[in-house]
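Student: I would like to go through this model term by term. Please set each value against its definition.

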Amino acid sequence: MATRTDAPTRREQILKEAARLFAERGFHGVGVDEIGAAVGISGPGLYRHFPGKDAMLAELLVGISDSLLTGAKRRLAEDGAAGSEAVLDSLIEGHIDFALDDRPLITLHDRELDRLRDADRKMVRQLQRQYVELWVGVLREVYPAVAEPAARSAVHSVFGLLNSTPHLGRPGSLPGRAVTASLLHRMARGAFAAVGEV
């Protein structure tokens, strides 16, 4: 989840391993001792960083939703001068990076979102709605004839396509990352072009 190029902090290491383990075995199938062992500290040592597994899950799921929205806003600001087509391509690229690089978080979201406290779950949903609406606005700039409900459906459909990457096979069983990313990008643009023709 870190976008910096320097070494991840201990907290980021814990979250990365927690996401991997939760995705592999489910939230309740993983103990704090296992998470600690994965990062080279004792289970109880985790409590210096997090009050418990619930807090890790919340930070992972709220964090990735916030990160996607923040990244999309940044892309809109940086690429806006190049036009709506460029922004749409940039948004697709950003979501593909997430889909290919944070596969455990997609699995975790699918399986464990309901385990969050109500306030955290509402925060995730609020961030996701803002993320969708940003995409809808850009898509309607590219295809002005597309009605808002159709644009929203198209965005959700493309997210479904891109977020299906954890189900495409084990890491390493896909073609190279660049080939997969290019294919996903073409498929996403094709889906948006199809809705633009309706």
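Student: What do the buried residues of H5 pack against?

Tutor: The buried residues of H5 pack against H1, H3, H4 and H6. Helices here are DSSP runs (H or I, at least four residues), numbered from the N terminus. This is a predicted model, in which local features need pLDDT of at least 70, side-chain atom pairs count only at pLDDT 80 or more, and totals for chains, interfaces and linings use all residues. Residues are numbered from 1 along each chain as its sequence is written, and side-chain values use heavy atoms, with hydrogens and water left out.

Student: What makes H5 mostly covered?

Tutor: Seven of the ten residues of H5 are buried, that is, under 20% relative accessible area with a 1.4 Å probe and protein chains only (exposed is over 50%, partly exposed in between). They are Arg 103, Leu 105, Ile 106, Thr 107, Leu 108, His 109 and Glu 112.

Student: Why are H4 and H5 called roughly perpendicular?

Tutor: The axes of H4 (residues 84-101) and H5 (residues 103-112) cross at roughly 85° and come within 5 Å. Axes are lines fitted to C-alpha atoms, for helices over the stretch in contact, and angles run from 0 to 180 degrees between N-to-C directions. Angles under 35 degrees count as roughly parallel, over 145 as roughly antiparallel, 65 to 115 as roughly perpendicular and the rest as oblique. H4 and H5 are therefore roughly perpendicular to each other.

Student: Which residues meet where H4 touches H5?

Tutor: Phe 98, Ala 99, Leu 100 and Asp 101 in H4 meet Arg 103, Leu 105 and Ile 106 in H5, where contact means heavy atoms within 4.5 Å.

Student: Why is Phe 192 called buried?

Tutor: Phe 192, found in helix H8, has 0% relative accessibility and therefore counts as buried. Leaving aside neighbours within four places in sequence, its contacts include Leu 88, Trp 135 and Val 158.

Student: How many residues are in the largest nonpolar core, and where does this core lie?

Tutor: The core has 60 residues, and Phe 22, Ile 35, Met 56, Trp 135 and Phe 192 have the most contacts inside it. A nonpolar core is a set of buried Ala, Val, Leu, Ile, Met, Phe, Trp, Tyr and Cys residues joined through side-chain atoms within 4.5 Å. Domain 1 (8-51) and domain 2 (53-194) both give residues to this core, so it lies between them. The domain bounds come from an automatic or database domain assignment.

Definitions and conventions:
Helices (H or I, at least four residues) and strands (E, at least two) are DSSP runs, numbered from the N terminus.
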